[in-house]
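Dear colleague,

I am handing over to you the structure discussed below. Please look through the sequence and the model before reading the notes that follow.

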Amino acid sequence: MSETLLDVQDLNVAFPSRAGITQAVRHVSFTLGRERLGVVGESGSGKSTMGRALLGLTPKPGIVTARKMSFDGQDLLACSEADWQRLRGRRMSMVMQDPKYSLNPVVRIGHQIDETSRLHLGANAAEAQRRTLAMLEAVQIRDPDRVYNLYPHELSGGMGQRAMIAMMLVAEPDILIADEPTSALDVTVQNDVLRILDDLVRERGMGLIFISHNLTIVSSFCDRILVMYGGKIVEECKATELHHAKHPYTRALIAAAPSLAEAREELATVMRDPAWLT
Amino acid sequence: MINISNLNVIFRGSGKEMHAVRDVSFTVAAGETFGIVGESGSGKSTVLRTIAGLVQTSGGTIAINGQAISQKRSRDSSRLMQMVFQDPYGSLHPRQTVDSILREALIIHGFDRQDERILKAIADVGLSLQHRFRYPHQLSGGQRQRVAIARALILSPSILLLDEPTSALDVSVQAEILNLLAHLRQSYSLTSILVSHDLAVVAHLCSRIAVMQFGRIVEVLSAADLRLGIARENYTRALIAASRGFSRAQ
């Protein structure tokens, strides 16, 4: 927690188009240590766009500018494509929402994971396979030898997401950006996947950015929370103190969610104030 | 009002059999909102689609007002039972305006005073006149779901079947749609069945809730018991615990 892995100051992502410039991320600043940082917001809040910008994955014609964006002392703004390729997968990784679209459908699970070790760690085939099997076991896949030889369509959603996490973690990155990693999963499976991520943060001292729209999960899982609205961070707070949030948007979001704990006659609707964007 | 007994659904294909719904029985009183929760593959949506007549039953009976209804629905019985689907993007015709989507239902069922009814339905679901001649792609997700609800309500049904009506929506939009549904069922004294994977949503709208797993109803409990975590079955307790959020110990 003490040491800063990622330092972002005044990050902006803009998408120019014929209709003008869309500011997807505005003046975002935060630091990440060896902790679980939650990023919450609704669709269009810029949370995923921010996650991609951190990995240099902003699609064209997007423009990323920042006063400072550094990872472990290295200036990310000055990175060439070759520099990014040395970082991505090796030291910073990303898990996407749906394993169905992120895994190669015609390559066996094991071989896909092997590729990471071979590419980034220069491991030979036997060594790569050993690492893959160990990693599959670490993400609590019961029968790693069998799963190693399966194709993605033969896995359930929860298993696919575990395989994805195994692939991202086999190179032991310092930072993992997880973009809605559990949203496509059933609640009971959700917690299994969260527990795996939790262990990795605690045991390996990884920094985790957990992007989600689900306030319940973020507040119970993360250490710190950033709330995004219209591309801006409108509130930053400790996860345990989310219910004392000050910003009207955060408060409205909490009030709008039906709660299992207490019955509400009518749900509060979110009133938006254009002033929040300035 | 709705009486389901020993409902079974078996899907057959390429030599395989899939027993999706097993001996499901429940009753829904007039004016009640009954909830069905479960994880993917539990058969909750299949139950709803079977009631709507979209899926063939393999056994059991569905009775409305004491009258068993057959697989082949009469026009009148289908009018009385309307369904709202999860995905407002997929359930509205992309090349029809809101007006023609609503009008089609009226034409099929031979309603008179169509313009008047369309205007009323649009107002009922909280849309304004300017939305009447828009296409689905010109509407937001929440507005589209309002159109889907208007399309169901325009036929003045007595039963509303809701299949994950808010799962594709943001929290703030979900709140608006849930409030709308709560308000409409009161003013039109609708009987409804709500299927969802989200326990908080179901507890918010329903009085009694059935928990499904592997095609069976594991147990039926009240919303109050669900909130307090008073459940007979281990599976229900696990589901409730998981829905409360992540817990480190376990």
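The notes below set out what was found, beginning with the contact between the chains.

Please bear in mind that this is a predicted model.

**The interface.** Chain B places 24 residues in contact with 29 residues of chain A. On the side of chain B that touches chain A, the elements contributing two or more residues are α7, α8 and α10 (234-243) of chain B. Of these, α7(B) gives the most, with six residues.

**Helix α7 of chain B.** This helix covers residues 171-187. Just after α7(B), B:Ser189 adopts a positive phi of about 35°.

**Strand β6 of chain B.** Strand β6 (residues 81-84) of chain B is covered on both faces. B:Met81 and B:Met83 are buried on one side, and B:Gln82 and B:Val84 are buried on the other. This arrangement may be read alongside a general rule: in a regular strand the side chains alternate between the two faces of the sheet. β6(B) runs parallel to strand β7 (residues 159-163) of chain B, and four bridges join the two. In β7(B), B:Ile159 is the bridge partner of B:Met81.

**The sheet of chain A.** In chain A, six strands make up an open sheet with mixed pairing, in the order β7-β8-β9-β3-β10-β11. β7 (92-95) and β11 (232-238) of chain A stand at the edges; each has a single partner strand, so one side of each is left without a neighbour in the sheet. On average, neighbouring strands of this sheet are turned by 20° against each other, direction ignored. Strand β10 (residues 224-229) of chain A pairs with β11(A) in the antiparallel sense over six bridges. A:Arg224 has A:Lys238 as its bridge partner in β11(A).

**After α10 of chain A.** The segment after α10 of chain A contains A:Thr278. Is A:Thr278 buried or exposed? A:Thr278 is exposed, because 8 other C-beta atoms lie within 10 Å and a residue with 12 or fewer counts as exposed. A distance of 23 Å separates the C-alpha atoms of A:Thr278 and A:His244, which are 34 residues apart along the chain.

Note on methods. Residues are numbered from 1 along each chain as its sequence is written. Chains are lettered from A and ligands numbered from 1 in the order in which they are written. This is a predicted model: local features need pLDDT of at least 70, side-chain atom pairs count only at pLDDT 80 or more; totals for chains, interfaces and linings use all residues. The expected span of a helix is 1.5 Å times one less than its number of residues. A residue is buried if 20 or more other C-beta atoms lie within 10 Å of its own, exposed if 12 or fewer, and partly exposed in between; C-beta atoms are placed from the backbone. Two strands pair if DSSP finds at least two bridges between them. Axes are lines fitted to C-alpha atoms, for helices over the stretch in contact, and angles run from 0 to 180 degrees between N-to-C directions. Two residues are in contact if their C-beta atoms, placed from the backbone, lie within 7 Å.
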